[in-house]
Amino acid sequence: MVSITNEYFTIQAKDEYQPYLEMILKMITEKAEIVRKFFDVSEYRPVKVTIFEDISDLKDEALKTKKVYDDHCEASFSKKGIGVFDSEKDVENSLDKIVNKIVHQYSHIIYSTIYTDIFDRPLWLDEGIAQILSGERYDLQLSEAKSKKDFLRHILNRHKEIPKIEYLCKDGNTSKTIGSPKYSGHLMSYFMVNYLLSSQVVDNEFTKDEIALIDNKFNTYESDLAIAKAKKNNLPVKPRYNFSLIMNDPEYRKKIEDSLVSKTINYFGSSLKVKMSAASIKYIREPKDFIDYLDANIVYGWFDEDKNVHKDDSKMMKLYRTGSTELVNKHFVGTSIELSKLELEVLQSLGYSGTIHIHKKEDKENNVSFQAFVIVEKDDRYYYLRNNRLGLDGVFEFGSYKAFLRYYLPNIKDNSTLYEVDDIPSGLSLEELNDYLERQEIVDFESVQAIIKKV
């Protein structure tokens, strides 16, 4: 074992971590200062950190030292220290993840020490703060598009439930705890704390005695009428919160919690510009409306000949059958093939013309795969709807079909072919789908290449 120490931490790990310990220590020390500042803690004793390469070692150590640990976690903490599991084999490329895990647990330690005698800290608040301070959700903080995708897929997705606030106050992995598989409790906690911080009062401009004003029921994110009513009564245009009181005054926090889940969803639904198409297919009016709809409603899955739904690919080669749009609308699952059928059907009903394209690829072992997408046209504008495994990855607009082909040309290799079809019959096996495509029109890329050479 090797180790390194400063006034904040002592880190120990196996010998192969030796070249990286100084960098890890520097990174977690910088973040630890942010954590202390957040909780207004000027000093705290050094914390011991152990990095494990085996998850069982982390679990054993956690049980011995009575660290807080759940089977689904890769880190643990107690007043004696922090344990983290490095799940990556390449240490150099996993430094950020290791650091984030350590700082997450450090946030728990500081919070539990400072507020342990004030009230029983709700898990959503503890976890939400730790996720923000650690930087593990930095991709969401950095990218509105990524935030929106995660918000739609893991919070509003029809396969998820909106949890009650009391469920987010309990640890565990059951149907009524933060770790429930029915909803994304940890992500919901992140969004709630993010919302509260973005709406907090500045320099304690409001006090506990002004709860009625701070926690007003008028919400700018609900309607124009609500905004007008708030302004007429000289109330804040949006709810304002005293975050310090939230952390250490249970009475104030309870008032905040009553409507926190709904206000958080309302806030991010508006700020991330979630469209009505996320709620129902009937609100789709143009190609880009499909993005919110698919992200919020459709998950990856496929049908067999008995129309049963599968989400595991292990038997797909043998059992898969192309599904109908009726099946997609009933079960809210599909592959790129089913999603393309649905997209084309809906857009054609809205006055668009178009076709389904299927990119067939064959590897060195002669294994064949298919990726389907839609090209639609309206008013001399062409739209490429690119599907990924979980839904619609993006909508790209072109001035002509040839412009799209020039864009797509680099994807066509020697072992792949692009077909254009008006429809894909339901009930086809992968072998039958391959036979069907071989009778269809192949997109002529040679003419596109000739055009490019002339240009």
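## Nonpolar cores

The largest nonpolar core of this predicted model holds 69 residues, and Phe9, Phe39 and Trp124 have the most contacts inside it. A nonpolar core is a set of buried Ala, Val, Leu, Ile, Met, Phe, Trp, Tyr and Cys residues joined through side-chain atoms within 4.5 Å; buried means under 20% relative accessible area, exposed over 50%, and partly exposed in between, with a 1.4 Å probe and protein chains only. Helix α3 (residues 95-115) gives the most to this core, namely 10 residues. Helices (H or I, at least four residues) and strands (E, at least two) are DSSP runs, numbered from the N terminus. Apart from this core lies another, of 35 residues, which includes Trp302, Leu347, Tyr419 and Leu433.

Setting aside residues up to four places away in sequence, Phe9 touches Ile4, Leu25, Ile28, Thr29, Ala32, Val47, Val49 and Tyr106. Contact here means heavy atoms within 4.5 Å.

## Basis of the values

Residues are numbered from 1 along each chain as its sequence is written, and side-chain values use heavy atoms, with hydrogens and water left out. Because the model is predicted, local features need pLDDT of at least 70 and side-chain atom pairs count only at pLDDT 80 or more, while totals for chains, interfaces and linings use all residues.

## Helices α6 and α13

In helix α6 (residues 144-156), the buried residues are Ser147, Asp150, Phe151, Leu152, Arg153 and Ile155. Among the elements that cover them are α5 (138-142), α7 (185-198) and α13 (289-297). At the start of α6, a side-chain oxygen of Ser143 comes to within 3.4 Å of the backbone nitrogen of Ala145. A polar contact is a pair of N or O atoms within 3.5 Å; within protein, one must be able to donate a hydrogen and the other to accept it, and residues adjacent in sequence count only if both atoms are side-chain atoms.

Helix α13 is largely enclosed by the rest of the structure, because 8 of its 9 residues are buried. The cover over these buried residues includes α6, β6 (299-300), α15, α16 (336-349), β12 and β13. The side chain of Asn297 reaches the backbone oxygen of Tyr293 at 2.8 Å. Beyond residues up to four places away in sequence, Asn297 touches Asn157, Arg158, His159, Ser277, Ala278 and Phe332.

## A buried threonine in a loop

Thr322 lies in the loop between α14 (316-319) and α15 (325-331). Thr322 counts as buried because its relative accessibility is 3%. Its side chain reaches the backbone oxygen of Pro425 at 2.7 Å. Leaving aside neighbours within four places in sequence, the contacts of Thr322 include Ile337, Glu338, Ile424 and Leu428.

## Aromatic rings and charges

The structure holds 28 aromatic pairs. Rings of Phe, Tyr and Trp (its six-membered ring) pair if their centres lie within 6.5 Å; planes under 30 degrees apart count as stacked, over 60 as edge-to-face and the rest as tilted. Phe39 and Tyr111 form a stacked pair, at 5.2 Å centre to centre with 25° between the planes. This pair links distant parts of the chain, 72 residues apart: Phe39 is in the loop between α1 (18-38) and β3 (47-52), and Tyr111 is in helix α3. Both Phe39 and Tyr111 are buried.

The charged end of Arg158 sits over the ring of Phe332, 3.6 Å from its centre. Lys378 lies over the face of Tyr352, at 4.7 Å from the ring centre. A charge sits over a ring if NZ of Lys or CZ of Arg is within 6 Å of the ring centre and within 35 degrees of the ring normal.
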